[in-house]
Amino acid sequence: MKIKGLRWWVVALIALATIINYIDRQSINVLWPDIAADLYPDKTADERKEIYAFISVVFVFSYALGQAIFGRIFDWIGTRLGFALSIGVWSIATALHAFAQGVLTFSLFRSILGVAEAGNWPGATKGNAEWFPTKERALAQGIFNSGAAIGGIISIPLIAFLSVFFSWKLIFVLVGLAGLLWLIPWWVLVKSPPQNHPWITEEEREYILSGQKNQSTEDDDNDDDQHIPSTAEILSHKQSWGVIIASAAIDPIWWLFVFWIPIYLSEVYGMNVKEIGIYGWVPYVGAMFGAWFGGLFAQNRLKVGWSVDKTRKFVITLGCLIMLPALLAMASPGGPVIAVLLMAVILFGFQTAIGNVQTLPSDLLGGKSVGTLAGFSGMAAKLGAVGLTSLIPWLTSGGNYAPAFIIGASLAVIATASIWILCPKIEPLALSK
């Protein structure tokens with residue numbers, strides 16, 4: 001049996017995993033007003049926000065650790081097994097939230113969830129490097145990243161709707177089951193990388209492999225002749241640090257909204273869970289279109305002859321420039337409709353840029369080391385998110401979110417500068433033999 005366009009089926013499954021990933025992680029954000037009222041009826045709003053921030057920091061810190069761990073795991077056991085391990089563990093961890101009784105148990109289950117969910121990102125980057133030629137990678141990354149946006153669009157109204165019929169505990173069990181069901185088509189379809197997959201057409205196999213000029217995927221017949229750089233060697237190049245710093249700067253902007261959109265709408269505009277479900281999905285529509293735009297625009301520029309270096313830098317810079325004025329405007333947005341529309345513009349700019357930032361490891365390194373750099377840049381991104389998330393209760397005391405958005409604007413500038421300064425030319429690194 002041969003399947004035409006098999007690579008697009010693979011990236012569609014990874015995008016679906018990302019949708020499930022975001023439904024799982026967003027559940028606590030949307031349900032927190034109900035959870036907090038149930039578990040902490042005697043706490044003030046600021047005290048509940050501090051508890052929520054602590055649990056969120058535990059999640060992101062664990063997520064950062066998981067990025068580095070799963071980067072190596074995917075390089076070691078491959079994309080197929082790596083995804084099965086990652087989504088299997090995170091789905092079980094999500095269901096376990098139903099048994100949480102307070103800060104300690106919530107933190108434990110969020111920690112397991114964070115480590116396991118982190119595998120989705122270096123795994124997607126490695127899968128992108130395996131299944132797509134260089135000229136299609138930004139588009140593939142955009143499709144995968146749109147899964148995060150679609151997950152946000154779906155999760156907030158879905159969780160709000162489920163809260164009408166089910167307790168918050170049962171909702172965690174239901175969303176955990178969705179991930180376990182995903183394992184079935186993944187295990188059936190993704191049997192091996194493209195060079196050995198029995199269902200890929202010869203034309204597609206040749207198209208993928210001939211377009212991977214700086215790649216050598218995990219089951220290549222010449223593995224013994226490949227130089228597999230050490231972590232120290234990878235980190236000795238300033239380009240690697242350009243990717244790491246850009247990731248550390250830009251990613252907290254995303255997490256600022258992922259964690260705090262429901263809390264912001266509740267605190268600033270007095271919304272309950274059902275009202276949050278009406279407004280909270282709008283920013284992720286901007287994110288979805290941004291993911292598609294960033295990928296398609298980068299692919300178009302490469303097709304008309306732009307270099308990888310020019311394309312990545314231009315699209316990343318464009319995305320950050322789109323974010324800047326909207327982030328500053330969020331300091332005083334007015335009503336809730338304007339606020340969520342500004343958020344949509346911000347997340348459009350973010351997704352325009354981030355798909356190309358996340359593609360940089362596969363632009364710089366070969367298949368046996370892509371996961372490692374992707375893992376470290378992902379870890380740095382999440383540590384940056386830990387720092388900003390930890391500050392939010394203090395920065396937003398009394399419901400004033402302006403300082404947080406101003407910091408977000410400065411991070412967009414830092415992300416752009418790190419790419420231009422530390423990556424003088426984006427091309428395959430010259431590694432020692």
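Three cavities of 30 Å³ or more are found in the structure, a cavity being a set of points on a 1 Å grid over the protein atoms alone where a 1.4 Å probe fits but cannot get out. The model is a predicted one, in which local features need pLDDT of at least 70 and side-chain atom pairs count only at pLDDT 80 or more, whereas totals for chains, interfaces and linings use all residues. Residues are numbered from 1 along each chain as its sequence is written, and side-chain values use heavy atoms, with hydrogens and water left out.

The largest cavity holds about 280 Å³ of space, a volume being the space filled by probe spheres set on grid points that are joined across faces, edges and corners. Its lining (residues with an atom within 4 Å of a point) comprises 26 residues, of which Trp 121, Asp 251, Ile 354, Gln 358 and Lys 382 lie nearest the centre. Two or more lining residues come from each of α1 (6-39), α2 (45-77), α5 (120-131), α6, α10 (238-269), α14 (336-364) and α15 (370-395), where helices are DSSP runs (H or I, at least four residues) numbered from the N terminus. The most, six residues, are given by α14. The lining divides into 14 nonpolar, nine polar and three charged residues, with Ala, Val, Leu, Ile, Met, Phe, Trp, Tyr, Cys and Pro counted as nonpolar, Asp, Glu, Lys and Arg as charged, and the others, Gly among them, as polar.

The second largest cavity, of about 50 Å³, is lined by Leu 256, Phe 257, Trp 260, Ile 261, Tyr 264, Met 343, Tyr 401 and Phe 405.

Lys 49 is buried, with a relative accessible area of 4%, while Glu 267 is partly exposed at 28%; buried means under 20% relative accessible area, exposed over 50%, and partly exposed in between (1.4 Å probe, protein chains only). Lys 49 also meets Asp 46 in a salt bridge of 4.0 Å, N to O, both residues lying in helix α2, three residues apart.

How values were computed: On a 1 Å grid over the protein atoms alone, a cavity is a set of points where a 1.4 Å probe fits but cannot get out, and a pocket is an open set with protein on both sides within 12 Å along at least five of seven lines; lining residues have an atom within 4 Å of a point. A salt bridge is a side-chain nitrogen of Lys or Arg within 4 Å of a carboxyl oxygen of Asp or Glu.
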